[in-house]
Amino acid sequence: MQKRIGACRAHTNIALIKYWGKRDQTLFLPTSSSLSLTLNAFYTDTRVQWLDNLSNDLFYLNGEKQSKEETNKISRFLDLFRDELGINGYAKVESYNHVPTAAGLASSASAFAALAGACRESLHLDWSNEKLSTFARRGSGSATRSVYGGFVEWNKGTSSVDSKAIAIDDANWDVGMVIIAINKAKKKVSSREGMQLTVATSPFYSQWVEQSEQDLIAIKEAIANQDIQRVGEIAETNAMRMHATTLAANPPFTYFEPETLQAIASVQALREKGFTAYYTIDAGPNVKVLCKASEMSQIKQHLSETFTNDQLITTTPGDALTRLDH
Ligand code: 2P0
């Protein structure tokens, strides 16, 4: 019998056209399509081993055995594979997160993409990354996009089988990102709750969806033209429009903190100095600066006048899922 063990690495991604709202909470079907850049600096390595002597799944993160609650999240994800394949049995899952705490970045995207990849390996499944992305999606929406490298679209699709990731471009043309880590404290409103509240109560929400569809068309054209300035302009506006929907929710909320606005001002100042630099912000206070890779170190130097070196992390685009030795 073949060994039922496999390991994979997946990188995080930052959305340039945001995913903000679900049309189906159970299947993780988004209201609109999104587009991201996979990042080289942050990734998760995960190993899955199916063992005969287990009576439940086991989950270790960074070498530490996790609580029942955390393990249940993994079990629910493994159930997708057990149900799809009609198999029984339990697995030991070991993950290592290489997402620096100081970066204050969510790791659910790389976590569920790596877990999906390790499941594919351990179960010897002959599945494409596109198909795999529909499973990663069920762990966390943003994980859909982490199966590919470079610029990746998550097409909202019409059903669970075609709401999947599509590789757009490897971003191997002077594309970089500087992360400005503002605050690593756990956020008050999770992205899952935040998007749900916004969909349910924000009168701006339908406008956001309509505009986002236009933004997606425009950014794909800019990517095809390798026009980083245009990509940045579209991403920046799209991010601010997403955040505008939260201000109009009931009760209103925002992910911005005072330093977020300071970072925005710093990016605007960089542009005045002639750099190609545009910001995007997710469901948290951190600011990510899309720029030319060739200008990244100079940009970091300018930003270090306002932020500490610990707060500034540079990265180039990352690769697709990779198989690891186990
Ligand atoms: C994104 N975010 O496109 C958007 C932009 C945050 C703001 O995907 O409920 O953790 O697990 O599907 O993927 C964060 O949401 O939410 C996110 P779930 P997820 O990257």
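Colleague: Beginning with helix α1 (residues 68-85), how far apart are its end C-alpha atoms?
Modeller: This is a predicted model, in which local features need pLDDT of at least 70 and side-chain atom pairs count only at pLDDT 80 or more, while totals for chains, interfaces and linings use all residues. Residues are numbered from 1 along each chain as its sequence is written, and helices (H or I, at least four residues) and strands (E, at least two) are DSSP runs numbered from the N terminus. The expected span of a helix is 1.5 Å times one less than its number of residues. The 18 residues of α1 should therefore span 26 Å, and this agrees with the separation of the end C-alpha atoms, which is 25 Å.

Colleague: Which elements do the buried residues of α1 pack against?
Modeller: A residue is buried if 20 or more other C-beta atoms, placed from the backbone, lie within 10 Å of its own, exposed if 12 or fewer, and partly exposed in between. In α1 the buried residues are Ile74, Phe77, Leu78 and Phe81. With contact taken as C-beta atoms, placed from the backbone, within 7 Å, these buried residues pack against β5 (58-61), β7 (90-98) and α2 (108-122).

Colleague: How many of the residues of α2 are buried?
Modeller: Helix α2 reaches 21 Å from its first C-alpha to its last, close to the 21 Å expected at 1.5 Å a residue. It is mostly covered, the number of its residues that are buried being 14 of 15.

Colleague: Which element gives the largest share of the side of domain 1 that touches domain 2?
Modeller: The domain assignment, whose bounds come from an automatic or database source, gives domain 1 (5-172) and domain 2 (176-315). Their contact takes 25 residues from domain 1 and 33 residues from domain 2. On the domain 1 side, β1 (5-17), β4 (34-51) and β9 (164-169) are the elements that give two or more residues, and the largest share, 5 residues, comes from β4.

Colleague: Where does the ligand lie relative to domain 1 and domain 2?
Modeller: A residue counts as near a molecule if its C-beta atom, placed from the backbone, lies within 6 Å of it, and of the 15 residues around the ligand, Ala15, Tyr19, Ser140, Gly141 and Ser142 come nearest. Because both domains give residues to this shell, the ligand lies between domain 1 (5-172) and domain 2 (176-315).

Colleague: What is the mean pLDDT of the protein?
Modeller: The predictor gives the complex an ipTM of 0.97 and a pTM of 0.96. pLDDT is the predictor's confidence in each residue, from 0 to 100; 97% of the residues reach 70 or more, and the mean is 95.

Note on methods: Two residues are in contact if their C-beta atoms, placed from the backbone, lie within 7 Å.
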